[in-house]
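Biologist: Before we go through this model together, I would like to learn how each kind of feature should be read. Could you show me the model and then take the features one by one?

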Amino acid sequence: MIGAIVKNDIVTGLLVINEEQIEEMQTALECEIVDAKPYGLIEGDLRTARGWTRNVGGEQVVLELQNGEEPDSYELAMERALAAEEQAAALKEYEEAAKILLGEEEA
Amino acid sequence: MSAVIERARQLRKLIEQASAGLDDRTASEGYELLPRMKTDGSLIPAGHRINWHGKVLRARTALWANEENTPERAPELWEEVGYRQGIRVIPAAIAAENPFGKGEKGWWGEALYESLYDANVHTPGAWPEGWKRAEA
């Protein structure tokens, strides 16, 4: 999932995280991590008594729950991030294989 | 271990086995194909060739693969084959039956030279006028 890092009710950043890692990460970062997807949270969003809000042109606008999957949704962003991670791992593997084939690493 | 890495290791063994059948010139062009010097205590037979930092070296005699017998520590146990990157290495004494032709390149130490004359049997050290520096 895409998690929003929340400190003092302000989103300070986003991260890709497995749900089972949330508790550990919250302790490590001394923050609260919430699912960023429902409101499409981004850095700077503020949690108020009215709900999640975003500063738009100097005005705090209450964020609506997002419905459906937009092409640039967090779900897709997460899928892309995970795919990129897999590609990076595969690339690293091929780099190692190339080194072995060139005799740069012990076979 | 992944299938790709495992396959690479299998192929590397075959590459090194196959490299033993290459002539010196070809082996020097593809020096990466040759095995590197190992220090695992195994026996290296006389004539065995290795890739030593891009140079193809041949064991002058049978020797043990250990730290004391690397080309760096025991250069007397190794000799460079007559080619480097597919180009002849200019020997200290060029045999009359194997001279350098005009335009032919040769390694003299770490530098590459080009013969300015046909039937050149003098090294760049002995007759600098017979050679000019060249690029690989």
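Biologist: Is Glu75(A) buried or exposed?

Modeller: The general idea is a count around each residue: with C-beta atoms placed from the backbone, a residue is buried if 20 or more other C-beta atoms lie within 10 Å of its own, exposed if 12 or fewer, and partly exposed in between. Glu75(A) has 12 other C-beta atoms within 10 Å and is therefore exposed. Glu75(A) lies in helix 2 (residues 74-101) of chain A, and its C-alpha atom is separated by 7.3 Å from that of Lys37(A), 38 residues apart along the chain. This is a predicted model, in which local features need pLDDT of at least 70 and side-chain atom pairs count only at pLDDT 80 or more, while totals for chains, interfaces and linings use all residues. Residues are numbered from 1 along each chain as its sequence is written, and chains are lettered from A and ligands numbered from 1 in the order in which they are written.

Biologist: How should I read helices and strands, and how many of them does chain B have?

Modeller: Both are DSSP runs, numbered from the N terminus, with at least four residues (H or I) for a helix and at least two (E) for a strand. Chain B has two helices and 10 strands, and from the N terminus on its elements run α-α-β-β-β-β-β-β-β-β-β-β. Of the 136 residues in chain B, buried residues make up 21%.

Biologist: Which strand pairs with strand 2 of chain B?

Modeller: Two strands pair if DSSP finds at least two bridges between them. Strand 2 (residues 49-52) of chain B pairs with strand 3 (residues 55-59) of chain B in the antiparallel sense, over four bridges, and Ile50(B) stands opposite Leu57(B) of strand 3. Strand 3 of chain B also pairs in the antiparallel sense with strand 5 (residues 78-80) of chain B, over three bridges, where Glu79(B) is the bridge partner of Arg58(B).

Biologist: What is the phi of His53(B)?

Modeller: Most residues other than glycine have a negative phi. In His53(B), however, phi is positive, near 50°; this residue belongs to the hairpin of strands 2 and 3 of chain B, which has two residues between the strands. His53(B) is exposed, because 10 other C-beta atoms lie within 10 Å. In chain A, Asn8(A) likewise has a positive phi, of about 55°, and is found in the loop between strand 1 (2-7) and strand 2 (10-16). With 9 other C-beta atoms within 10 Å, Asn8(A) is exposed.

Biologist: Which residues form the largest nonpolar core?

Modeller: A nonpolar core is a set of buried Ala, Val, Leu, Ile, Met, Phe, Trp, Tyr and Cys residues joined through C-beta atoms within 7 Å. The largest one has 12 residues: Ile15(B), Ala27(B), Tyr31(B), Leu33(B), Leu34(B), Met37(B), Ile44(B), Ile50(B), Val56(B), Leu57(B), Ala59(B) and Trp78(B). Strand 3 of chain B gives the largest share of this core, three residues. A second, separate core of 10 residues includes Ala4(A), Ile5(A), Ile33(A) and Tyr74(A).

Biologist: How many residues does each chain bring to the contact between chains A and B?

Modeller: Two residues are in contact if their C-beta atoms, placed from the backbone, lie within 7 Å. Chain A brings nine residues and chain B 13 residues.
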